[in-house]
Amino acid sequence: MEYISSPCVTHLTGPGSVNQYTGLLLNSLLLAQCSVSPPEMWPTDYGDIAIQEGFPEYDFIIVGAGSAGCVLANRLSENPNWKILLLEAGGNPPVESNIPRLFSTIWHSKYDWNYHVEPSDQYSISSDNGNFWPRGKMFNGSSAMNGMLYIRGNDDDYNNWVALGNPTWDWDSVLPYFKKSEMNLNPEKTHAFGSFYHSTTGPQAVQLFNSNESINAVLIQAALEMGYEFLPDYNA
């Protein structure tokens, strides 16, 4: 263990240098973990203070510190006269949540609500996970375990909410707010359709997934040959 505690490598040759370099590698990995998700990057938990006598009332109480809850709390806190309580059932997300390819390692953990959907003849299910429906039980919510995908939802869903009695939730009403929050980094998407669907001035950076893996092009070509239409931007 003495090698792990030493951040420097002495000038050795032979088998001894292997131990030194191995220790440096392990030390570097540990330091990298701290830089990926340091404790100070997450807000302080004021749970104990929130229930004390000195804080009996709040102007706003937000249930769930997912994407929407965090943004809403941040925007409301711009008014210094408002007291805002943001509630979250889980704690801070693990380091894996900041590494997109490791998102599935969070499934079935304490950071996951471990929900399962009801059987239906309207969809097919994976043989590996069955009807498992991962939902985040942590700060940042399900967004901390979705591989950094940005999906607005289908316009029919919003229009259906209006039909169910929720005015102003139709797609045409919510689209301006999606655009207000978005800073799209792909000009070909931003300027398509007269910039109707995307914006470059919001606080949330969004861009296409960059991948040079040839299998992606092969799968797309196979789908086209089978008659499927290629949809380059499903947020439009």
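The model is predicted: local features need pLDDT of at least 70, side-chain atom pairs count only at pLDDT 80 or more, and totals for chains, interfaces and linings use all residues. Residues are numbered from 1 along each chain as its sequence is written, and side-chain values use heavy atoms, with hydrogens and water left out.

**Fold**
- The protein chain has seven helices and six strands. These are DSSP runs, numbered from the N terminus: helices are H or I with at least four residues, strands are E with at least two.
- From the N terminus on, the order is α-α-β-α-β-β-β-α-α-β-α-β-α.

**Burial and surface**
- The chain holds 236 residues, and 21% of them count as buried (under 20% relative accessible area, 1.4 Å probe, protein chains only).

**Second largest pocket**
- This pocket holds about 790 Å³ of space. A pocket is an open set of points on a 1 Å grid over the protein atoms alone, where a 1.4 Å probe fits, with protein on both sides within 12 Å along at least five of seven lines; lining residues have an atom within 4 Å of a point. The volume is the space filled by probe spheres set on the points, which are joined across faces, edges and corners.
- Its lining has 24 residues; Thr-44, Asp-45, Tyr-46, Gly-47 and Leu-86 are the closest to the centre.
- Helix 2 (47-50), helix 3 (67-76) and strand 2 (84-87) each give two or more residues to the lining.
- Strand 2 supplies the largest share, four residues.

Key
Buried < 20%, exposed > 50% of the residue type's maximum accessible area, 1.4 Å probe, protein only.
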